[in-house]
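Here are my notes on this structure, point by point. Please read them with the model open.

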Amino acid sequence: AAACGARAAATATRRRLSAEQVAAYHRDGFVIVPLFSAEEAAALLALAESDAVVNERAHGRTDAEGFVSKLSLWNACGVNAYGAVARSARMVDNAETLLGGPSHTCASTGEPAECYHYHTKVMIKEAGVGGAWEWHQDYGYWYNNGCMAPQMLSAMVALNEHTEENGCLRVLKGSHALGRLTHALTGGQAGADPERVEQARQRGHEEVAVRLQPGHVLFFHCNLLHASARNRSAGPRWSMITAYNARANNPFREHHHPCYAPLDRWDDGAVLALKTLGVRDGDGTVFMQSRDDASAARQE
């Protein structure tokens with residue numbers, strides 16, 4: 001495991017993306033898959049809502065109108081339910097398949113690419129006041145961290161229902177093919193150049209509302225343009241997002257997210273086995289220090 005995360009045959013998932021789903025990801029920049037059960041999603045939601053450590057560590061990002069979305073973010077996942085999700089074979093195996101495909105720079109062979117845990121965050125859009133996320137690409141941030149290629153992706157797990165009313169994610173279909181766009185600071189976030197976002201729409205990149213049921217996973221390319229509106233509903237919107245980077249894309253400098261470290265793959269059953277186990281002292285969780293995050297400010 002010193003050279004590579006453990007990939008024992010016994011832990012491999014049976015929940016692999018189909019060839020059609022993999023093709024859809026590379027064509028559209030995203031794919032939605034029901035990877036977690038309703039029971040697993042409900043258990044993770046109950047845990048996140050009651051987890052004092054996760055909630056105390058949550059910090060806000062303001063949108064252009066001053067409304068705030070909260071997130072709690074860690075760079076190293078611990079031995080707990082959240083770590084079981086990030087390490088679960090259904091996430092790791094599918095992330096490695098996608099990262100090895102043709103829409104990722106430096107990965108044209110179609111072979112699986114070893115991935116590592118870049119970070120995980122629990123996202124909280126509070127009822128009525130949860131802020132918007134401006135149009136952006138994740139690589140708009142991560143490029144500035146020293147990641148040379150967009151061989152990175154995110155996997156969003158819906159912990160409750162995501163609707164247009166509670167501020168579900170919105171994406172511009174196929175916009176990952178445009179490459180990295182210029183970003184600038186908008187509120188406390190890095191937003192993509194609005195003129196180029198509008199040009200993307202005019203050139204046929206359809207805006208899609210990503211409605212998710214609990215347990216659905218959205219895999220999306222790091223160059224996919226995405227945003228979300230304010231939560232105008234009577235209830236919160238909860239999600240857990242794990243970002244993966246390819247080992248071959250290890251950043252050339254240290255920054256506020258980790259460089260390559262082996263990621264062990266766990267059996268899919270670990271999520272339910274650890275469903276009541278939140279973050280505890282000494283469990284291996286390493287939270288990002290928000291004061292160290294300068295990626296939003298380092299925009300050109």
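1. A residue counts as buried when its relative accessible area is under 20%. N75 has 13% relative accessibility, so N75 is buried. N75 belongs to strand 3, residues 68-76. Its side chain makes a polar contact of 2.8 Å with the side chain of H257. Beyond four places in sequence, N75 also touches H117, Y118 and H119. The other contacts of N75 in that range include H256, P258, V286 and M288.

2. Keep in mind that this is a predicted model. Mean pLDDT for the protein chain is 90, and 90% of the residues reach 70 or more. Residues 295-300 are the stretch to treat separately: pLDDT stays under 50 there. The model still has 22 contacts beyond four places in sequence for residues 295-300.

3. Which strands make up the open sheet, and in what order? The order is 5-12-7-10, four strands with antiparallel pairing. From one strand to the next, the twist averages 20°. Helix 7, residues 194-202, packs on this sheet. Helix 7 touches strand 5, strand 7 and strand 10, and its direction makes about 70° with that of strand 7.

4. Within that sheet, look at strand 7 (169-172) and strand 12 (226-228). They pair in the antiparallel sense over three bridges. R170 stands opposite A227 of strand 12.

5. Is strand 6 enclosed or open to the outside? Seven of its seven residues are buried, so strand 6 is largely enclosed by the rest of the structure. In a regular strand, side chains alternate between the two faces of the sheet. Here both faces are covered. M152, S154, M156 and A158 are buried on one side. L153, A155 and V157 are buried on the other.

6. Strand 6 has antiparallel pairing with strand 13 (237-246) over seven bridges. L153 stands opposite Y244 in strand 13. Strand 6 also runs antiparallel to strand 11, joined to it by five bridges. There, V157 has V217 as its bridge partner.

7. Nonpolar side chains tend to be buried together in soluble globular proteins. The largest nonpolar core in this model has 43 residues. Within this core, F219 and Y244 touch the most other members. A second core is separate and has 28 residues, among them L73, V210, Y260 and M288. M288 is also one of the contacts of N75.

8. Helix 1 (19-28) has V22, A24, Y25, H26 and D28 as its buried residues. Their cover includes strand 1 (30-34), helix 5, strand 6 and strand 11. Just after helix 1, G29 takes a positive phi of about 90°.

9. G100 sits in the loop between helix 5 (89-99) and strand 4 (115-125). Its relative accessibility is 1%, so G100 counts as buried. G100 and P112 are twelve residues apart along the chain, yet 4.6 Å separates their C-alpha atoms.

Note on methods:
Residues are numbered from 1 along each chain as its sequence is written. This is a predicted model: local features need pLDDT of at least 70, side-chain atom pairs count only at pLDDT 80 or more; totals for chains, interfaces and linings use all residues. Side-chain values use heavy atoms; hydrogens and water are left out. Two strands pair if DSSP finds at least two bridges between them. Helices (H or I, at least four residues) and strands (E, at least two) are DSSP runs, numbered from the N terminus. Axes are lines fitted to C-alpha atoms, for helices over the stretch in contact, and angles run from 0 to 180 degrees between N-to-C directions. Contact means heavy atoms within 4.5 Å. Buried means under 20% relative accessible area, exposed over 50%, partly exposed in between (1.4 Å probe, protein chains only). A polar contact is a pair of N or O atoms within 3.5 Å; within protein, one must be able to donate a hydrogen and the other to accept it, and residues adjacent in sequence count only if both atoms are side-chain atoms. pLDDT is the predictor's confidence in each residue, from 0 to 100. A nonpolar core is a set of buried Ala, Val, Leu, Ile, Met, Phe, Trp, Tyr and Cys residues joined through side-chain atoms within 4.5 Å.
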